[in-house]
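Look at the structure first, then read on.

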Amino acid sequence: MTTHMNKIAILPGDGIGPEIMAQAVRVLEALGESFEMERAEVGGAGYAAHGHPLPEATLKLAKEADAVLFGAVGDYKYDTLERALRPEQAILGLRRELGLFANLRPAILYPELAGASTLKPEVVSGLDILIIRELTGDIYFGKPRGVRECPDGPFQGQREGFDTMRYAEGEIRRIAHVAFQAAQKRDRRVTSVDKANVLETFQFWRDIVTEVHKDYPDVALEHMYVDNAAMQLVRAPKKFDVIVTGNMFGDILSDAAAMLTGSIGMLPSASLDANNKGLYEPSHGSAPDIAGQGIANPLATILSAAMMLRFSLGKAEQADRVEAAVKQVLAQGLRTADIFEEGTTRVSTEQMGDAVVKALG
Ligand code: NAD
């Protein structure tokens with residue numbers, strides 16, 4: 001029997017992308033598994049090398065691979081390019097071409113970093129929640145949309161802007177399955193966030209999520225209106241386990257949740273397709289302001305690699321090992337500049353990578 005060797009597409013990108021990716025690759029290599037890792041240019045680096053932010057060879061590699069590990073893209077020097085050639089288009093292109101519809105963003109606050117949050121330590125210390133945002137539907141993509149002459153009401157005849165909110169049954173079902181299955185790997189609780197009291201689309205969302213829940217009797221489901229969810233996220237965020245919601249509410253709530261932790265350099269993310277193939281990337285951007293200085297925090301990228309092991313490569317034990325190693329280096333007091341506090345030890349990007357590799361044992 002031939003065993004399939006997992007192929008990982010390594011797309012470092014721009015700015016701090018190559019620096020943080022180098023450390024994540026070292027961590028993967030240190031696990032003692034044989035992965036096939038192949039690199040390609042993306043973003044500004046793709047444009048510089050091949051005239052396009054998502055070169056054909058990069059897309060081909062991403063499609064062939066079992067998972068994609070992505071650094072970050074973007075640089076001020078590409079801001080004057082026409083929109084279709086800007087580095088950020090690479091992410092949208094990859095999402096579309098790979099059919100990535102589920103965005104998973106954990107918000108974890110290690111007790112050692114509780115001081116970095118703007119909330120009181122007792123409210124956020126030990127926070128470990130997962131926000132799942134639907135990526136392809138909702139008012140962001142619904143048609144018709146545009147600016148037209150207002151057909152009725154007190155402003156009839158004036159110009160009006162309008163968009164269309166819509167979600168197809170299959171679209172809701174597949175994201176609900178992702179949420180329940182993710183919860184099975186965690187504390188087995190899902191909060192579905194909607195606006196069913198006002199919006200037809202989200203009453204339908206609530207009905208379908210409730211139906212899909214019948215397949216997962218081992219997971220508890222609660223429904224919550226988005227305004228209440230926003231309030232609970234800053235009041236008692238630790239009450240949540242998995243939150244699943246639509247594209248627009250997820251956009252807003254996931255950024256709020258990210259800020260609960262106070263340290264953008266720590267947050268991984270995943271975008272999955274229907275077969276659990278995914279693209280894994282830190283939640284932050286390419287940080288051109290600190291690129292090339294060797295001070296960027298590589299932990300978000302290393303934790304993204306851990307998510308990749310868990311969700312796309314079926315290696316939960318290895319994912320646990322990487323996450324435990326990250327906890328250990330934080331407990332040792334090692335900090336990159338972005339999370340440095342008095343009384344801790346300041347380390348470079350590479351030294352942080354060294355420490356994680358060493359903690360893997
Ligand atoms: P950013 O996330 O790159 O940086 C925001 C701030 O956080 C900066 O001060 C930066 O130095 C700091 N920071 C970010 N990551 C860090 C890390 N790992 N370690 C230490 N500090 C870190 O956001 P921005 O400045 O708004 O955008 C910069 C570029 O990144 C832009 O071109 C933008 O379009 C792009 N961007 C890309 C992605 C992506 O690739 N997914 C996401 C957001 C922004």
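Helices here are DSSP runs of H or I with at least four residues, and strands are E runs of at least two, numbered from the N terminus. The model is predicted: local features need pLDDT of at least 70, side-chain atom pairs count only at pLDDT 80 or more, and totals for chains, interfaces and linings use all residues. Residues are numbered from 1 along each chain as its sequence is written, and side-chain values use heavy atoms, leaving out hydrogens and water.

**Helix pairs**

Axes are lines fitted to C-alpha atoms, for helices over the stretch in contact, with angles from 0 to 180 degrees between N-to-C directions.

| Pair | Axes come within | Crossing angle |
|---|---|---|
| Helix 11 (residues 316–331) and helix 12 (residues 349–360) | 8 Å | roughly 120° |
| Helix 6 (residues 169–184) and helix 7 (residues 200–213) | 9 Å | roughly 50° |

Helix 6 is thus oblique to helix 7. Helix 11 and helix 12 make a right-handed crossing, meaning that the near helix is turned clockwise from the far one by less than a right angle. Helix 6 also passes helix 7 in a right-handed crossing.

Which residues of helix 11 meet helix 12? They are Arg321, Val322, Ala325, Gln328 and Val329. Their partners in helix 12 are Met352, Ala355, Val356, Ala359 and Leu360. Contact means heavy atoms within 4.5 Å. This contact has eight nonpolar, one polar and one charged residues.

Two strands pair if DSSP finds at least two bridges between them.

Strand 4 (residues 102–108) and strand 5 (residues 128–134) run antiparallel, joined by seven bridges. Ile108 stands opposite Asp128 in strand 5.

**Salt bridges**

The structure holds 21 salt bridges. Each is a side-chain nitrogen of Lys or Arg within 4 Å of a carboxyl oxygen of Asp or Glu. One joins Lys60 to Glu64, with the closest N and O atoms 3.0 Å apart. Both residues lie in helix 3 (residues 56–64), four residues apart, about one turn of the helix.

How values were computed: Parallel < 35°, antiparallel > 145°, perpendicular 65-115°, else oblique. Nonpolar A, V, L, I, M, F, W, Y, C, P; charged D, E, K, R; others polar.
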